[in-house]
Amino acid sequence: MYDNSMEAIFFISNEGEILHMNPAAESILDLDVIEQLHRGEKISICQSCAGYTNEEAMISCINCFLSNRGEDFSSFQVYLNTRGKGLVPYAASFHRIDEAEDIRVFMLLNLTKQYRTQEMLHQTNMTKYVIKAQEDERKRISRELHDSVAQELLSSLVDLRVLKYMDTDQVVLNKLQQTEASLTRLLEDIRRLAVELRPASLDDFGLEAAFRSHFKWIEKNYGLLVDFKTELSAARYSNEIETVVYRICQEAVLNALKYANTDEISVRLFEEEGELQLIVQDEGSGFHLNARDARGTGLGLFGMRERAELVQGQLTILSEVGAGTKVHLRIPLSPFIQGGDRE
């Protein structure tokens with residue numbers, strides 16, 4: 001175990017000198033230090049140690065574990081300057097094994113992988129938090145527009161329509177008609193913004209209802225026909241899944257509308273092999289996936305992939321010039337509780 005362990009093991013004197021070490025420990029030290037040890041020179045672990053983590057600092061030499069006999073150093077964190085890898089964090093233990101000679105063993109386990117895992121987890125959690133905050137704010141603004149601003153406009157519009165039937169001259173009547181038309185357009189714009197920000201049907205009725213409403217609006221305003229087919233075994237999914245699927249589909253349809261040069265696309269939403277799957281496909285102009293001069297900013301595709309990763313999903317985009325584009329989203333349902341996590 002001593003020779004083959006991945007854990008670095010040093011035997012150290014009461015003065016911090018390295019007496020012996022296993023191959024894993026030897027791989028940490030610089031070659032010139034190892035050569036000095038082989039020549040019998042006294043080398044202290046301090047030549048590689050950058051300090052340990054205590055209650056006062058992330059890296060400190062105050063009350064060093066080599067000289068501080070009063071504290072428990074059975075488990076702590078230390079940083080070493082290593083060969084070829086720079087400053088590396090280790091989980092360490094340091095305790096006496098020979099009372100008579102005051103010899104101690106210094107054992108190290110590399111924490112780099114754990115740090116990277118924690119960093120990725122933190123980044124994922126932060127991204128989830130930001131996206132959730134965005135969706136919550138969109139929901140708030142959407143409801144404010146719909147319940148407050150739109151209702152006030154509608155009330156004013158009704159008042160104007162009543163005035164048309166009162167005794168007024170033609171000039172005033174024409175002005176009322178112009179104002180009525182202007183308010184009507186503004187009311188439609190506010191309703192459109194409210195739906196685009198966060199459709200109430202998504203929160204109230206789920207994906208299928210939200211999609212049907214959205215595609216109907218797309219067809220009415222842009223003339224793009226959406227052939228929508230759904231095969232779902234559950235009426236509702238977690239709030240996180242529904243938001244991801246809706247936003248990715250929304251972006252894929254918008255991209256087809258802007259760039260595909262087609263009058264019709266197909267959208268299929270279904271469950272298969274324990275996964276919720278979404279396919280958005282068109283037979284339009286297509287594009288080169290690796291083209292440097294891609295149309296648009298490319299942030300839409302990046303955002304789609306980022307959202308998919310938040311629910312452990314897999315997003316595949318296939319496209320060829322002249323052969324259309326296919327966006328395929330697959331989300332495993334096993335990590336999520338269907339119908340749960342709803343507000």
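The structure is a predicted model, in which local features require pLDDT of at least 70 and side-chain atom pairs count only at pLDDT 80 or more, while totals for chains, interfaces and linings use all residues. Residues are numbered from 1 along each chain as its sequence is written, and side-chain values use heavy atoms, with hydrogens and water left out.

Helix α2 itself spans residues 31-38; helices (H or I, at least four residues) and strands (E, at least two) are DSSP runs, numbered from the N terminus. Within this helix, V33, I34, Q36 and L37 are buried, where buried means under 20% relative accessible area, exposed over 50% and partly exposed in between (1.4 Å probe, protein chains only). These four residues lie on the same side of α2, because they cover an arc of only 160° around the axis; the arc is that of the directions from the helix axis to the C-beta atoms. An α-helix has 3.6 residues a turn, so residues three or four places apart point the same way. The exposed residues L31 and H38 are carried on the face of α2 turned away from its buried side. The buried residues of the helix pack against β2 (18-21) and α1 (23-26).

Aromatic contacts were examined next. A pair of aromatic rings is described by the distance of the centres and the angle of the planes. Rings of Phe, Tyr and Trp (its six-membered ring) pair if their centres lie within 6.5 Å; planes under 30 degrees apart count as stacked, over 60 as edge-to-face and the rest as tilted. The whole structure contains 16 aromatic pairs. In one of them, the ring centres of F65 and F76 are 5.2 Å apart and the planes stand at 45°, so this pair is tilted. F65 lies in the loop between β3 (49-52) and β4 (76-82), whereas F76 belongs to strand β4, 11 residues apart. The rings of F65 and F106 also have centres 5.2 Å apart, but with planes at 25°, so this pair is stacked. F106 is in strand β6 (residues 103-110), so its pairing with F65 ties together parts that are 41 residues apart in sequence. F65 counts as buried at 2% relative accessibility, and F106 is buried with a relative accessible area of 0%. Ring pairs join F10, Y52, F65, F73, F76, F94 and F106 into a cluster.

A nonpolar core is a set of buried Ala, Val, Leu, Ile, Met, Phe, Trp, Tyr and Cys residues joined through side-chain atoms within 4.5 Å. The largest such core has 36 residues, of which L207, F211, V245, V267, L278 and V280 touch the most other members. Its largest share, 9 residues, comes from α7. Apart from neighbours within four places in sequence, L207 is in contact (heavy atoms within 4.5 Å) with L202, Y237, E242, V245, Y246, L269 and L276. A second, separate core of 28 residues includes I18, M21, I28 and Y52.

With a disulfide taken as a pair of cysteine sulfur atoms within 2.5 Å, the count comes to 0. For C46, the nearest cysteine sulfur is that of C64, 5.4 Å away. C46 counts as partly exposed at 46% relative accessibility, whereas C249 is buried, with a relative accessible area of 1%.
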